[in-house]
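This report describes the strand pairing and the ligand surroundings of the structure shown below.

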Amino acid sequence: MAAAIRLARWHQGRTGSNPSVATLIVREINDEPVIVGRGVTAVGGRPHAEPQALAEAGDLARGATAYVTLEPCAHHGRTPPCAEALVSAGVSRVVAAASDPDDRVSGRGYQILRDARIEVEENVLAEEAARDLAGYLTRRMKNRVHVTLKLALSRNGKIGRRDGGQVLITGEVSNRQVHALRAQADVILIGIGTALNDDPSLTCRIEGLEDRSPIRLVLDTQLKLPVASKLVRTAREVPLWIATSAAQDHPARAGLAAAGADFIACETHDGQIALPELLEDLAARGLSSVLVEGGEQVAEAFLAEGLVDRLILLTGQIDIEGDAVDAPFAPGIVPPGFRKTSSMTFGADHMDEFERL
Ligand code: AOF
Ligand code: ZN
């Protein structure tokens, strides 16, 4: 199952509204377990993992064990049900990690298998699989997108300087890691403050992953984003969405639209974009995961509303002196309400990952 979970990661972020899941078909050959078929949900979301793995296994699937990272589907969607494909191929045992909350599946996949006298073992490495499927599972169960908040902290616990301009807190290796995180998200979100301060482009610039730049979303109630900003200037290459409460006839709209930006009409609470409603709106558009990259006010708003599902703290080796912005947490502590799930070192920087309790 661990190998199946790793295989599923190949297409994470590239399967549209479908989750990326994997299937391994394993059988004993000369008393050794051998993988005779492998499948991962195709880029775009179809075909599903199971038929691909079964096709590779051919006749060897008869009597074999199938390892699936998600309960096989039971519905006639754009492809026939995977549970039926496993039955027809004659597998004798199915080992599954996560169950599928999709109304059309939700237990029915397992039932089809058991009705055909296939032995089914559920919840194997379920927590690990669910971590990778977090975007999909959150959208299905909470009707909103999954939120990862990324913050870079200086050694003395600051996240930036008040007098403006971007401060490089972490080194080259961590920065590449951030680009890899971007490649797995459907949306990168920042506030207008960061957009004006840093003028970021928020694209994914890892060689080979350039086409994996997610939608860039700016929270901008008043449409202050300049047409000359890097975000707007690249809006024709990588989608740029502006979440705003500005009126339809706001004078800045035409210029931004002409440059290729799209708008999401938002409600406001106390003058700020209403975040829960925005996250629901994004899920309704088939998106599953958002990476929040700043700044201070946006990070605090997401944390205060309990909307951060995963927290990534990168801690660098520099100190930010002068008029600096305090991080919401001191470096080195587990933030309240979270538990640590991993810790890595990139050169001189540390990356700690937490999930909500
Ligand atoms: C599987 N194997 O590889 C994946 C599954 O629109 P459709 O017909 O492609 O169905 C989408 C649903 O299929 C999705 O909501 C989820 O329940 C399931 N995904 N199922 O058996 C797969 N990716
Ligand atoms: Zn399926």
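## Pairing around β15

In this predicted model, L151 has L313 of β15 as its bridge partner. The strands concerned are β6, residues 146-153, and β15, which run parallel and are joined by six bridges.

L313 also stands opposite D352 in β18. Here the pairing is antiparallel: six bridges join β15 (residues 310-315) to β18 (residues 349-356).

## The β17-β18 hairpin

Strand β17, residues 338-346, runs antiparallel to β18, and eight bridges connect the two. Within this pair, R339 stands opposite E355 of β18. The two strands form a hairpin with two residues between them. In the turn, G347 has a positive phi of about 60°.

## The sheet as a whole

Strands of a sheet pair through backbone hydrogen bonds, in either a parallel or an antiparallel manner. These pairings belong to an open sheet of nine strands with mixed pairing, in the order β11-β10-β9-β8-β14-β6-β15-β18-β17. Because β11 (262-265) and β17 stand at the edges with a single partner strand each, one side of each is left without a neighbour in the sheet. From one strand to the next, the twist averages 25°.

## Surroundings of ligand 1

Ligand 1 is surrounded by 19 residues, of which H48, C73, G77, C82 and D102 are the closest. Classified by residue type, the shell around ligand 1 comprises eight nonpolar, six polar and five charged residues.

Notes. Residues are numbered from 1 along each chain as its sequence is written. Chains are lettered from A and ligands numbered from 1 in the order in which they are written. This is a predicted model: local features need pLDDT of at least 70, side-chain atom pairs count only at pLDDT 80 or more; totals for chains, interfaces and linings use all residues. A residue is near a molecule or strand if its C-beta atom, placed from the backbone, lies within 6 Å of it. Ala, Val, Leu, Ile, Met, Phe, Trp, Tyr, Cys and Pro count as nonpolar, Asp, Glu, Lys and Arg as charged, and the others, Gly among them, as polar. Two strands pair if DSSP finds at least two bridges between them. Helices (H or I, at least four residues) and strands (E, at least two) are DSSP runs, numbered from the N terminus. Axes are lines fitted to C-alpha atoms, for helices over the stretch in contact, and angles run from 0 to 180 degrees between N-to-C directions.
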